[in-house]
Amino acid sequence: FFILFPGQIRPPGNVYSASGSLTSSVFDAQSPCNLETITWNATIPGEAGADAVKFQIAVNNDNAAWDFVGPDGTADTYYTTSGQAIWQGHSGSRYIKYKLFLSTADAGFTPAVHDVTINYNLQ
């Protein structure tokens, strides 16, 4: 999945994958924390369609088992709005990862995510 940044021109004949994902590296909060919100900055062309950028979050205290879930605590949902509150079931964990899912309805256009922030407070 290739990501175009604003102002870039796609070479003729190139098309992008309909979808792709990226899993972040591990973030160590150093102690148990309460996750609050997930925010991101992205460029999403209208041609990419609805929910072209979405996330799931996984946490643990052993840095080993990763179960990615959305805002209701299941693997069937996703964070689709920047600034969205994070599921409270993640509270009390030390290690954090996110999984970014990108998609497009038109292979000539692709979303671009510029940065991701997970806000948290230490317990």
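**Going through the model**

Modeller: Along the sequence, the pattern is β-β-β-β-β-β. It's a predicted model, so local features need pLDDT of at least 70 and side-chain atom pairs pLDDT 80 or more, while totals for chains, interfaces and linings use all residues. Residues are numbered from 1 along each chain as written, and side-chain values use heavy atoms, leaving out hydrogens and water.

Colleague: How many helices and strands is that in total?

Modeller: Both are DSSP runs, with helices needing at least four residues (H or I) and strands at least two (E), numbered from the N terminus. On that basis, the chain comes to zero helices and six strands.

Colleague: What share of the contacts with a separation of 6 or more is between residues 24 or more positions apart?

Modeller: A contact here is heavy atoms within 4.5 Å. Taking those with a separation of 6 or more, the share from residues 24 or more positions apart is 76%.

Colleague: Staying with Ile57, what does it touch beyond four places in sequence?

Modeller: Outside its sequence neighbours, Ile57 touches Asp67, Phe68, Val69, Tyr79, Ile86, His90, Ile96, Lys97, Tyr98 and Ile118, along with Leu35 and Ile38.

Colleague: Which strand supplies the largest share of the lining of the largest pocket?

Modeller: A pocket is an open set of points on a 1 Å grid where a 1.4 Å probe fits, with protein on both sides within 12 Å along at least five of seven lines, and lining residues have an atom within 4 Å of a point. Ser24, Ser25, Val26 and Phe27 are among the residues that line it, as are Ile96 and Tyr120. Both β5 (93–103) and β6 (112–122) supply at least two, but the largest share, four residues, comes from β6.

Colleague: Is Pro71 buried, partly exposed or exposed, and which residue 16 positions along is 4.8 Å from it by C-alpha?

Modeller: Pro71 lies in the loop between β3 and β4, and it counts as partly exposed because its relative accessibility is 28%. Its contacts beyond four places include Thr77, Tyr78 and Tyr79. The residue 16 positions along, at a C-alpha separation of 4.8 Å, is Trp87.

Colleague: Why does Asp76 count as exposed?

Modeller: Asp76 is found in the loop between β3 and β4 (84–85). Its C-alpha is 9.5 Å from that of Gln56, 20 residues apart along the chain. Asp76 counts as exposed because its relative accessibility is 68%.

Colleague: What is the phi of Gln30?

Modeller: Most residues other than glycine have a negative phi. Gln30 lies in strand β2 and counts as exposed because its relative accessibility is 57%. Its phi is positive, near 80°.

Colleague: And what is the phi of Asp51?

Modeller: Asp51 lies in the loop between β2 and β3, and at 43% relative accessibility it counts as partly exposed. Although Asp51 is not a glycine, its phi is positive, about 55°.

Notes
Buried means under 20% relative accessible area, exposed over 50%, partly exposed in between (1.4 Å probe, protein chains only).
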